[in-house]
Amino acid sequence: MKKVFYLLSVSLAFTVISCDKADPISIDKVIIENNESILGNRVSHENVGLLNIQNKSSNGAKFKSGSQDETVVLTSADKNFALALVSEVLSPVYEGSTLRSTHVAISGNYAYVSYNTEGNKYLGGIDVIDISEINYPKLISSAKLPNVDVNALAIDGNKLLIAGAADVDFFSDLPTSAWTSYMTLNNGLLGSNYDFTSLYGQAAIDVYPGTSNSNYVVSGSQGVLAKLNKQTGKAELMIDIADLRSVRNVNGKVLALSGTGVLKVYNEALAFEKDINVAQNNTESKRVLDVYQNYVFVPQGKKGFATYNIMSGGLIAEYAIPQYVGNDNNINFEDVVTNSVSVNGDKIFAANGAAGISIYNFDNSVGSANLLGTASFNGLELTSSNFVISRENYVFVASGRGGLKILKMIDLTPKTITCSGNYPVYNKNESWLNINSNDSKNYSGTYNFQGVNVNDELIWCGAIGSIASDLNINSNGKFTVYGTLAASKALNVNSTANIYGAGVVEGNLHLNSNGVLNIIGTVSQGKSGTKTTFHINGKLIIDGEVVVYGDLNLNNSSSVEFKNTSSKLIVYGKITNNNAKIINGNITKVGN
């Protein structure tokens, strides 16, 4: 039989009595830092660049990256998708403790990141990040919340909803550690105060804005599912449920995930409707579900995640954690668990702890998904992917003491959809593609070569990759691709190259003195965790966007021409300009 509780909100003033009931002490509930130079020290671009996406191909068409163990910038399942790390926000340090990122909420041009502290300490934080420009997000405000942990956030209009835990030895008026609250947002920025609404349990661990008159929060261990008044934040109704992990509200249903192996379904008044049996999870481990229409995506720890139909309660499919095949010997396989799932249009992202994130194509008509690949951050820093959320073309990964990883989804869909000719499908079984002098070729299809040498004209319609050696357009060659180009090593342009669509180049890019590189679409250059350079001695023409994650060297014989005002050249590394001509635009520098 369920237990229903009603409770009061506890408002805490700025003067609090100490534990021994002696003289009152003055505390700051929120300590806000808005100094841009101080905040800028926590934003790192050291590891920016294209991420390895590992995937075992069923047809042999793999874009490999680096060593034999590290594969793919583009996956065999979807040549129109790639990921780049565009920024890292380092965890704040407070009172000698490095805080752990726990959750991310997104609203408009802002992302809000929550933090707590490992162990017996209670130290929380909230960051505000301006994400109005995908290529260079900015940390604009950071709040420290002494004596509390902040475990989850959500946005409800101009309110930032909070789920957390408090030090009851310090806050002696609180009956339990678990609490929820909200901060009022002013033009996206945090307010300076909040009130506690206490909940049964040791910690509130998830909060979600309701679609009607209530919001919802859950507290773990011996906790509750609570319905909150949208205006006051006070708890109006609570239901005792063991080992709660996550809560969502969709299509008039409230879903509460319990680690005991059940997903409980209620109406918005919290009248019980049904139980959906799911996999059990370890006690007090983080699990955050997501919803899309009538589908719910449930993280299941070591079993990966599963998709269920909310209306029928039926299991649609289960997805095991992809086998980790990287070359990081330090990975702790006990930490390879699915902690959260996020759905964004036709993509699903799963946070798999020490194994990074996995990415899936999602067919929302039937609720099924197929694996595109996995991206791990262990080669950069030994952190765990605890939470993932994706909105628009961003992916945010909360990685504990490793802070926040901000990823950009790179759309490799060609700007020119159809090719300007009728080309035969390439069906040869050759490891190298050599276009000899006086032997021009036209091909279509998807193929990856060990290397490519172009000494005459080559037109390729589709996706082409050079996975082990450089891709060379030599002095008498001319190369045109309608679609996608991927180079796992260097791209060397000694004559004319035209990219109608999109390209990724992991290594150096050499545009030599007689070379012309004409980009109608997008090109991203530079692999994460490596030092690369784009050397320009020839002519670069941009009708779209070029992102250089390494250095840019412009020599005095070179030129960069922007075809229109929307065209961009964005550089994360050092720019050296030896009197190159910059025509009809400017180069954008990210970071210091």
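Mentor: A residue is called buried here when its relative accessible area is under 20%, and exposed when that area is over 50%. Keep in mind that the model is predicted.

By that cut-off Arg-245 is buried, because its relative accessible area is 3%. Arg-245 belongs to strand β23, which spans residues 244–250. Its side chain makes a polar contact with the side chain of Asp-243, at 2.7 Å.

Now to the aromatic side chains. The structure holds 22 aromatic pairs. One of them joins Trp-179 and Tyr-194: the ring centres are 5.3 Å apart and the planes meet at 15°, so this pair is stacked. The cut-off behind that word is an angle under 30 degrees between the planes. Trp-179 is in strand β17 (residues 178–184), while Tyr-194 is in the loop between β17 and β18 (196–198), so the pair ties together parts that are 15 residues apart in sequence. Trp-179 is buried, with a relative accessible area of 0%. Tyr-194 is also buried, with a value of 2%.

A second pair has another geometry. Tyr-426 and Tyr-447 are edge-to-face, with 4.9 Å from centre to centre and 65° between the planes. This pair links distant parts of the chain, 21 residues apart: Tyr-426 is in the loop between β37 and β38 (432–435), and Tyr-447 is in strand β39 (residues 441–449). Both Tyr-426 and Tyr-447 are buried.

Trp-179 and Tyr-194 belong to one aromatic cluster together with Phe-170, Phe-171 and Phe-196. Tyr-194 has a charged neighbour as well: Lys-29 lies over the face of its ring, at 4.4 Å from the ring centre.

Next, the strand pairing around β8. Strand β8 covers residues 81–89, and nine of its nine residues are buried. Strand β6 (residues 43–44) runs antiparallel to β8 and is joined to it by two bridges. In this pairing Val-43 stands opposite Val-89 of β8. Strand β7 (residues 49–50) is likewise antiparallel to β8, again with two bridges. Here Leu-50 stands opposite Ala-84 of β8. Strand β37 (residues 404–411) pairs with β8 over eight bridges, also in the antiparallel sense. Within that pairing, Ser-87 has Ile-406 of β37 as its bridge partner. β37 has come up already, as one end of the loop that holds Tyr-426.

Gly-550 is buried, because its relative accessible area is 10% and the cut-off is 20%. Its C-alpha atom is separated by 7.6 Å from that of Gln-525, a residue 25 places away along the chain. Leaving aside neighbours within four places in sequence, Gly-550 is in contact with Gln-525, Thr-532, Val-571, Tyr-572, Gly-573 and Lys-574.

Definitions and conventions: Residues numbered from 1 in each chain as written. Predicted model: local features only at pLDDT ≥ 70, side-chain atom pairs only at ≥ 80, totals over all residues. Heavy atoms only, no water. Buried < 20%, exposed > 50% of the residue type's maximum accessible area, 1.4 Å probe, protein only. Helix = DSSP H or I, 4+ residues; strand = E, 2+ residues; numbered from the N terminus. Pairing = 2+ DSSP bridges. Polar contact = N/O pair within 3.5 Å; in protein donor to acceptor, adjacent residues only side chain to side chain. Phe/Tyr/Trp six-rings, centres within 6.5 Å; stacked < 30°, edge-to-face > 60°. Lys NZ or Arg CZ within 6 Å of the ring centre and 35° of its normal. Contact = heavy atoms within 4.5 Å.
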